[in-house]
Amino acid sequence: MRFGAHVSAAGSVALAPGRAAELELETFQFFSRPPQGGRVKPISKEQADEFKAAMAEHSFDTCYIHAPYIINLASKEARIRGNSIEILKTELERANALGVKAVMFHPGSASSVGSEEKGEELVIEGIREIMKGYRGEALLLVEVSAGAGMVVGAKFDQVGRILDKAKHPKLACCLDTAHIFASGYDLRTDNAVKETMNEFDRHIGFDRLILSHLNDSKVALGERKDRHEHIGEGHIGLKGFEALFSHPVIKKLDLVLETEHDRISEDIKAIKKLREKVTGQ
Ligand SMILES: [Zn+2]
Ligand SMILES: [Zn+2]
């Protein structure tokens, strides 16, 4: 169990490892470009070397890239789908240039096509296009969503179908505790965590689980809204995170905070304390 958080790469991607080290993290994620979109220049050899040197300097061996939020593979508009495919291809290239382990993305919303089934088909088609001929090392992770509106990927069976049908050895999955809780998967007790994780395994498979975002939830179980809360202050609560950290599969994962940055140090302290309680380390 390694802890990370989302850190800023403002100014230069090579600044991200230092910022993560300052927070005493064990891994981290960042945006490799402005999250709202826009064009980017390819990563130069110099930038890549600088980034790798900063990783080594701060003793990180793994980190992750979060893809921009504007991605929507389930849009009715061919232009938006095409742009989303282009961005994800580029993010994978950038991850490979920097030696980043994986890129996670939100599949998108089917509201413009009017049916979740159609949205699911478009997401599968889009991922196939992204992974066509892909030879890189970096993984592409479909992030399980909270399920507001017609968002694709809020249920494990749907994510499982997407991964099965778009099948590629570098395609896997990213959980988010706040998202799955809002989507109706309980995490508040040992039993609830066990059931939720069994359900995940049945539809997606533990072998395809690479990391989880670690957020408490401002909304109640099944309320289908994506609202992150500081650890222990939301509806999952400290008991829920303790149950989660006790699960044998979660114990082996990278867990990345995406809570508001103003009090991120408190969140890091809280999860480290819980880990100590659960694992004695
Ligand atoms: Zn995300
Ligand atoms: Zn979220």
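1. Let's start with Arg224: it counts as partly exposed, because it has 16 C-beta neighbours inside 10 Å, and a residue needs 20 or more to be called buried. Keep in mind as you read that this is a predicted model. Arg224 sits in the loop between strand E8 (216–217) and strand E9 (228–229). Have a look at its backbone too: phi of Arg224 is near 55°, a positive value in a residue other than glycine.

2. Why flag a positive phi at all? Most residues other than glycine have a negative one. Glu24 is another case to look up, with a positive phi of about 60° although it is not a glycine. You'll find Glu24 in the loop between helix H1 (16–22) and strand E2 (27–30). Is Glu24 buried or exposed? Glu24 is exposed, since 11 other C-beta atoms lie within 10 Å and the cut-off for exposed is 12 or fewer.

3. Now for some helix packing. H3 and helix H4 (residues 116–131) have axes 9 Å apart and pack at an angle of about 40°, so they are oblique to each other. On the H3 side, the contact is made by Arg81, Ser84, Ile85, Leu88 and Lys89, and on the H4 side by Leu122, Gly126, Glu129 and Ile130. Sort these residues by class and you get four nonpolar, two polar and three charged. The crossing of H3 past H4 is right-handed.

4. H8 passes H9 in a right-handed crossing. Which residues of H8 and H9 make the contact? H8 brings Leu238, Phe241, Glu242 and Phe245, while H9 brings Ile271, Leu274, Arg275, Lys277 and Val278. By class, that contact of H8 with H9 has six nonpolar residues, three charged ones and no polar ones.

5. Finally, the inside. In soluble globular proteins, nonpolar side chains tend to be buried together. Here the largest nonpolar core has 83 residues, and the ones touching the most other members are Val103, Leu141 and Cys173. Helix H3 (residues 78–98) gives this core its largest share, six residues. Click on Leu141 to see who surrounds it: leaving out residues up to four places away in sequence, Leu141 touches Ala102, Val103, Met104, Ala172, Cys173, Cys174 and Ile210.

Definitions and conventions:
Residues numbered from 1 in each chain as written. Chains lettered and ligands numbered in written order. Predicted model: local features only at pLDDT ≥ 70, side-chain atom pairs only at ≥ 80, totals over all residues. Left-handed = near helix turned anticlockwise from the far one by under 90°. Helix = DSSP H or I, 4+ residues; strand = E, 2+ residues; numbered from the N terminus. Contact = placed C-beta atoms within 7 Å. Nonpolar A, V, L, I, M, F, W, Y, C, P; charged D, E, K, R; others polar. Core = buried A, V, L, I, M, F, W, Y, C linked by C-beta atoms within 7 Å. Axes fitted to C-alpha atoms, helices over the stretch in contact; angles between N-to-C directions. Parallel < 35°, antiparallel > 145°, perpendicular 65-115°, else oblique.
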